[in-house]
Amino acid sequence: MIVTCTMNPSLDYFLEFDKRVKNGAMNRAAMQYFRPAGKGINVSVVLNNLQIPSRATGFLGGFVRDFYVQLLQQYPYIEPSFTYIPQQTRINVKVADNKEETELNVDGPAITDSDMKKLKEKVERLNDGDYFVLAGHCQEYLFDTVDQMLAAGEECGAKICLDTNIEIIEKTLARRPFMVKRRVRDLGQRNGDDAAIEQAAQALHEAGAQHVLVLGDDSRRAWMVCDQGTYVCDVLDDGEKAVITVGAGDAMQAGFLMDWLRSMDALDSFRYGCAAARAAALSHDFGGREEVESGYQSRKVVQK
């Protein structure tokens, strides 16, 4: 079983505009929609589109809670298993026009010791061979408790996958997490400086991460470092333009895990993950299995 955990989920409100958004003026959106979001949730949604079951955990609360769970009901392969809290789950606004994307995010609710205890109890029930994906921002005051929770999952035999605060990742590296996923900006690098990106990813691998996945901030290229070496793959083809890049990295994680379950081959899984990232970048709803399979056939992984 793949279990995803989103410590600070959000209800994302997307507004898309045909023209440039003008500051200080009235702008009318061409499209609006809600999406249950948060990095772990995105991983579960992509797995659902690939017909892979997952259990979604984390914290939900306030009036958003019921609407959020209702939105998840459209995904038959997601099993909600949230810890409910009285505080309000955040609502984020994503604005995209014909030139750029703008994100308006807010801080999440306060999480108590009692809340964390309930979540940790869920993690302590993981089984040998499960995959536990902790994805998304975590509140600083929870770092130590989250590290303890991850250690408990490892003791159960679960494979840990991380896309969260670097402080949590660094605490976990000595225990050799199965996967660490980063964006280029998370590594303190810039698109175009391939050597520096590869060096930063290699450092994470040498510190303990078994598989390091890195996606460019523009979602055009991805890297993987594992025991077999350092690899690169173009996510988007020449002439392709991303519709929206939010969630493409989460799709890459989901695609990697889906293929790993059937192949246990890091290179093939990286290739499939890049195909899933491409499908997500070219779609409003992450794309389906047909789109991913089509991209998978044409992706090429190159060793550096």
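## Residues with positive phi

In this predicted model, Arg 176 is found in the loop that runs between helix 5 (166–172) and strand 11 (179–183). Although Arg 176 is not a glycine, its phi is positive, at about 55 degrees. With a relative accessibility of 40%, Arg 176 counts as partly exposed.

Phe 286 also belongs to a loop, the one between helix 8 and helix 9. Phe 286 is not a glycine either, and has a positive phi of about 75 degrees. The relative accessible area of Phe 286 is 4%, so this residue is buried. As background to both cases, most residues other than glycine have a negative phi.

## Helix 8 and helix 9

Two packed helices are described by the angle between their axes and the distance between the axes. For helix 8 (residues 266–281) and helix 9 (residues 289–298), the axes come within 8 Å and cross at roughly 125 degrees. Helix 8 is therefore oblique to helix 9. The crossing of these two helices is right-handed.

On the side of helix 8, the contact is made by Asp 268, Arg 271, Tyr 272, Ala 275, Ala 276, Arg 278 and Ala 279. Helix 9 contributes Arg 289, Glu 291, Val 292, Glu 293, Gly 295, Tyr 296 and Gln 297. By class, the residues of this contact divide into six nonpolar, two polar and six charged.

## The two faces of helix 9

The buried residues of helix 9 are Val 292, Gly 295 and Tyr 296. They lie on the same side of helix 9, because the arc they cover around the axis is only 105 degrees. These buried residues of helix 9 pack against helix 8, and Val 292, Gly 295 and Tyr 296 are accordingly listed among the residues of the contact between the two helices.

The face of helix 9 turned away from the buried side carries the exposed residues Glu 290 and Gln 297. Of this pair, Gln 297 is also one of the residues through which helix 9 contacts helix 8.

## Helix 3 and helix 4

The crossing of helix 3 and helix 4 is right-handed.

In this contact, Met 116, Leu 119, Lys 120 and Val 123 of helix 3 meet Thr 145, Val 146, Gln 148, Met 149, Ala 152 and Gly 153 of helix 4. The residues involved divide into six nonpolar, three polar and one charged.

## The buried side of helix 2

In helix 2 (residues 64–72), the buried residues are Val 64, Tyr 68, Val 69, Leu 71 and Leu 72. Their directions cover an arc of only 155 degrees around the axis, which puts them on the same side of helix 2.

## Strand 1 and strand 9

Thr 6 is found in strand 1 (residues 2–6), and Ala 135 is found in strand 9 (residues 131–135). Thr 6 counts as buried, at 1% relative accessibility; Ala 135 likewise counts as buried, at 1%.

Leaving aside neighbours within four places in sequence, the contacts of Thr 6 are Gly 38, Lys 39, Gly 40, Ile 41, Thr 57, Gly 58, Phe 59 and Ala 135. With the corresponding neighbours set aside, Ala 135 is in contact with Cys 5, Thr 6, Lys 39, Gly 40, Asp 163 and Gln 253. From C-alpha to C-alpha, Ala 135 and Gly 58 are 10 Å apart in space, while 77 residues apart in sequence.

## Cys 233 in strand 14

Cys 233 lies in strand 14 (residues 229–234). Its relative accessible area is 1%, and Cys 233 is therefore buried. Not counting residues up to four places away in sequence, Cys 233 touches Arg 221, Ala 222, Phe 270, Cys 274, Arg 299, Lys 300 and Val 301. Among these partners, Phe 270 and Cys 274 fall within the range of helix 8, residues 266–281.

The C-alpha atoms of Cys 233 and Gly 24 are separated by 41 Å, and the two residues are 209 residues apart along the chain.

Terms used
Residues are numbered from 1 along each chain as its sequence is written. This is a predicted model: local features need pLDDT of at least 70, side-chain atom pairs count only at pLDDT 80 or more; totals for chains, interfaces and linings use all residues. Side-chain values use heavy atoms; hydrogens and water are left out. Axes are lines fitted to C-alpha atoms, for helices over the stretch in contact, and angles run from 0 to 180 degrees between N-to-C directions. Helices (H or I, at least four residues) and strands (E, at least two) are DSSP runs, numbered from the N terminus. Angles under 35 degrees count as roughly parallel, over 145 as roughly antiparallel, 65 to 115 as roughly perpendicular and the rest as oblique. A crossing is left-handed if the near helix is turned anticlockwise from the far one by less than a right angle, and right-handed if clockwise. Contact means heavy atoms within 4.5 Å. Ala, Val, Leu, Ile, Met, Phe, Trp, Tyr, Cys and Pro count as nonpolar, Asp, Glu, Lys and Arg as charged, and the others, Gly among them, as polar. Buried means under 20% relative accessible area, exposed over 50%, partly exposed in between (1.4 Å probe, protein chains only). The arc is that of the directions from the helix axis to the C-beta atoms.
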